[in-house]
Structure formats: C-alpha cells, structure tokens
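This report describes one protein chain for a reader who is new to structural analysis. Please keep the sequence and the model in view while reading.

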Amino acid sequence: MLIKLTSNTSGEMIMLAEHAHRLFHIIGKECTARGVFIAEQLPEAIEKLHRAVNDEKHALLEAERRARANHDDEDEDPEEKAAREEEYMAGRIGVHLGQRAQPLINLMEWTHKEGGFILWEAAKDF
C-alpha cells in the first residue's frame with residue numbers, strides 16, 4: 001500500500017506503508033488512513049527522526065568496531081562470532097533508516113521553513 005504525503009508549500013511524496021509505519025511510529029503519529037502534521041508539530045517530528053537516524057548510525061558504527069576488534073580473536077565461541085557477524089552484516093546490507101527517513105525529513109524541513117502543514121492519505125489505516 002502507498003501513502004501519499006502532500007505539503008501545502010513543498011509538493012508531494014509517496015512512500016510504502018511499511019516504511020511510513022516505522023517513521024510514523026518514531027514520530028509518535030497513528031498510522032491512520034488520513035492525517036496531518038500541523039506546523040507546530042513539524043520541529044519535534046524532525047528532531048525525533050534525526051535522533052533515530054543518529055542512534056542507528058551509532059549502533060552500526062559500534063557493531064563495526066566490535067567486529068573489527070574481535071576479528072582476530074581465536075578464542076571466541078564460533079556461534080557468538082557468527083551471530084555478531086550476522087548482526088554486523090544486517091546493518092551493512094540493505095537500506096538504512098536514514099535513507100528511508102531523509103525524503104520525509106526534507107519534506108518536513110521545507111514545509112516548516114514556509115510555515116506549512118503536511119497531509120497524508122492512504123487507502124486504509126496502515
């Protein structure tokens with residue numbers, strides 16, 4: 001399912017519901033078929049998204065640091081090493097939160113700069 005977000009000042013964007021659901025959860029918005037981010041809500045929403053992106057980035061960097069620090073550890077349990085490497089690779093492969101969030105962050109920042117609001121619309125609650 002697609003979610004259409006329309007800014008009254010900055011245009012439109014479309015996002016898959018599964019990705020919008022995660023971002024709306026971070027912001028604290030219900031995933032209803034229709035809704036609005038009013039001008040007063042945008043700064044907090046932008047901050048929450050930036051914080052979540054930075055938290056994920058720091059977690060990935062820490063996983064990479066641990067992976068490198070333990071890379072040559074011969075005494076490490078093979079199952080623990082495999083689990084750690086899987087966690088590390090899961091963070092390195094695929095699309096990160098920042099890549100999913102940045103278009104919405106941009107839309108929100110542009111809209112906030114102009115004192116506008118953002119409406120969203122979907123076929124049903126998501």
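## Contacts and overall layout

Among contacts in the protein chain (heavy atoms within 4.5 Å) between residues at least 6 apart in sequence, 71% join residues at least 24 apart. The model is predicted: local features need pLDDT of at least 70 and side-chain atom pairs count only at pLDDT 80 or more, while totals for chains, interfaces and linings use all residues. Residues are numbered from 1 along each chain as its sequence is written, and side-chain values use heavy atoms, with hydrogens and water left out.

The chain contains four helices and four strands; these are DSSP runs numbered from the N terminus, with helices being H or I of at least four residues and strands E of at least two. From the N terminus on, their order is β-β-α-β-α-α-α-β. Of the 126 residues, 33% count as buried, where buried means under 20% relative accessible area, exposed over 50% and partly exposed in between (1.4 Å probe, protein chains only).

The buried residues of helix 1 are Ala 17, His 19, Ala 20, Leu 23, Phe 24 and Ile 27. Seen down the helix axis, they fall within an arc of 155°, so they line one face of helix 1; the arc is that of the directions from the axis to the C-beta atoms. On the other side of helix 1, Glu 18 and His 25 are exposed.

The cover over the buried residues of helix 1 includes strand 1 (2-7), strand 2 (11-16), helix 2 (42-69) and helix 4 (97-113). Just after helix 1, Gly 28 takes a positive phi of about 95°.

## Aromatic pairs

The whole structure holds four aromatic pairs. Rings of Phe, Tyr and Trp (its six-membered ring) pair if their centres lie within 6.5 Å; planes under 30 degrees apart count as stacked, over 60 as edge-to-face and the rest as tilted.

Phe 24 and Phe 37 form an edge-to-face pair, 5.4 Å centre to centre with 75° between the planes. Phe 24 lies in helix 1 (residues 17-27) and Phe 37 in strand 3 (residues 34-37), so this pair ties together parts that are 13 residues apart in sequence. Both Phe 24 and Phe 37 are buried.

Phe 24 also forms an edge-to-face pair with Trp 120, at 4.6 Å centre to centre and 75° between the planes. This pair links helix 1 to strand 4 (residues 118-122), with Phe 24 and Trp 120 lying 96 residues apart. Trp 120 is buried, as is Phe 24. Phe 24, Phe 37, Trp 120 and Phe 126 form one aromatic cluster.
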